[in-house]
Amino acid sequence: MNSLPQRDVKNHFKKYLGQGLGAISLLGLCVVIVTIVEPMISGSRLSAAAETCVKPSNLQNFLNKVSLGEDNLTRYAAAANAIENKRLEIFREAKSNPDWNNVATLAESQQTKVCDLTNPPEFLRSLCNQLRTYSEEEICRNGFTTKEFNQITLEQKQNPRLRSLIQGKQMQLRGNK
């Protein structure tokens with residue numbers, strides 16, 4: 001029987017493993033580059049905001065944003081906390097308007113959010129615009145594009161472990177205030 005010595009098998013395995021990791025790293029870099037270039041091509045409003053928001057000063061900063069490391073989780077949690085606090089503030093203000101009950105009933109009947117109504121009253125349009133602007137600025141201030149932030153939001157909804165990590169970070173940040 002013509003078998004390779006165990007040492008040769010290990011060396012071949014290391015060689016192929018190294019090539020596989022190199023290919024995965026290259027694939028990951030390609031995905032990241034496409035993520036940045038795609039908004040420049042698509043031209044949507046959110047993409048335009050993302051394009052002007054995060055401007056990596058060097059390759060290392062860019063590569064650090066690729067993974068959901070400790071820093072990214074902390075920054076995501078900080079942005080989510082700030083946005084939620086602003087949402088609650090705006091919600092209280094909206095509820096104080098005499099037309100709130102009519103708007104809330106209309107949104108419920110259309111099974112939509114009040115900010116997604118087709119023709120909202122002026123008071124609500126103004127409040128929703130405030131919330132959108134604040135959210136975009138807070139996401140950017142924490143070093144994310146809107147697209148990246150939304151991707152993390154979707155991922156944490158589907159991934160209980162990630163959701164738990166983010167919630168822990170949010171609690172930690174609230175405790176530090």
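Relative accessible area sorts residues into buried (under 20%), exposed (over 50%) and partly exposed (in between), using a 1.4 Å probe and protein chains only. The model is predicted, so local features need pLDDT of at least 70 and side-chain atom pairs pLDDT 80 or more, while totals for chains, interfaces and linings use all residues. Residues are numbered from 1 along each chain as its sequence is written, and side-chain values use heavy atoms, without hydrogens and water.

Select glutamate 122 in helix H6 (residues 122–141); helices here are DSSP runs of H or I with at least four residues, numbered from the N terminus. Glutamate 122 is exposed, at 51% relative accessibility. Its side chain meets that of arginine 125 in a salt bridge, 2.8 Å from N to O; the term requires a side-chain nitrogen of Lys or Arg within 4 Å of a carboxyl oxygen of Asp or Glu. Arginine 125 is partly exposed at 34%.

Next, go to helix H4 (residues 70–95). Glutamate 70 forms a salt bridge with lysine 169, with the closest N and O atoms 2.1 Å apart. Lysine 169 belongs to helix H8 (residues 160–175), so the pair ties together parts 99 residues apart in sequence. Glutamate 70 is exposed at 54%, whereas lysine 169 is buried at 12%.

Stay in H4 and select asparagine 81. Asparagine 81 is buried, at 7% relative accessibility. Leaving aside neighbours within four places in sequence, asparagine 81 is in contact with Gln170, Leu173 and Arg174, contact being heavy atoms within 4.5 Å.

Note on methods: Axes are lines fitted to C-alpha atoms, for helices over the stretch in contact, and angles run from 0 to 180 degrees between N-to-C directions. Helices (H or I, at least four residues) and strands (E, at least two) are DSSP runs, numbered from the N terminus.
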